Amino acid sequence: MGIMSRNPKEEPLHYGEIFTIWSNILTNNGMIAMYQTLYNHTGDRDLAKLVEESITGMEEENKQLKQILKVNGIGLPPAPPERPNARLEDIPVGARYNDPEISAIISGNLAAGLVACSTAMGMCTREDIAMMYGQMHMAKAQLGARLLRLNKSKGWLVPPPLHVAPQDER
């Protein structure tokens, strides 16, 4: 049956898979640096834990993704240096991100990450790569659900206009 009939890990990557994996690493590298900076701005301990989990999750993704590129002889994208830790009190008030802003940034990035993982799953011909993106999708969805719960509990969620049906008005 040709090159697509053996062990998925022995099948060649197609250019879309390569570009997706390479771009994913590049994006994660930038977001890790950004989240390290946002962590310095975070005052809420619960949010700080989720920022740390986000960083750890992207680092774990990168380990898997880099291994795939290395095995296939593909160069890795550049990565910015790690950001130093800073004390929140040392950041001028007018230059700080506040916790609701940080939460909104991460929420938006998680939503975009879900779409990116779904797109990757749909274009893959290698089942192992599609499954890996499925696992990443699930991890992002779970983190997003926890972040949504935090946003609601802290009063940070800004909902769009809510529709109230006429029969509900009294």
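I worked on a predicted model, in which local features need pLDDT of at least 70, side-chain atom pairs count only at pLDDT 80 or more, and totals for chains, interfaces and linings use all residues. Residues are numbered from 1 along each chain as its sequence is written, and side-chain values use heavy atoms, without hydrogens and water.

I looked up the packing of helix 3 (residues 99-123) against helix 4 (residues 127-154): the angle is about 155° and the axes lie 9 Å apart. Helix 3 is therefore roughly antiparallel to helix 4 (an angle over 145 degrees).

I then listed residues in contact (heavy atoms within 4.5 Å). Helix 3 contributes, among them, Ser-103, Leu-110, Gly-113 and Met-121, and helix 4 contributes residues including Tyr-133, His-137, Lys-140 and Asn-151. This contact divides into 12 nonpolar, eight polar and one charged (Ala, Val, Leu, Ile, Met, Phe, Trp, Tyr, Cys and Pro count as nonpolar, Asp, Glu, Lys and Arg as charged, and the others, Gly among them, as polar).

I turned next to the lining of the largest pocket, where 32 residues are found, with Asn-24, Asn-28, Glu-61, Gly-113 and Lys-140 nearest the centre. Helix 1 (15-41), helix 2 (45-71), helix 3 and helix 4 each supply at least two lining residues. Helix 3 gives the largest share, nine residues. I recorded the lining as 14 nonpolar, 13 polar and five charged.

How values were computed
Axes fitted to C-alpha atoms, helices over the stretch in contact; angles between N-to-C directions. Helix = DSSP H or I, 4+ residues; strand = E, 2+ residues; numbered from the N terminus. Parallel < 35°, antiparallel > 145°, perpendicular 65-115°, else oblique. 1 Å grid on protein atoms, 1.4 Å probe; cavity = no way out; pocket = protein on both sides within 12 Å on 5 of 7 lines; lining within 4 Å.
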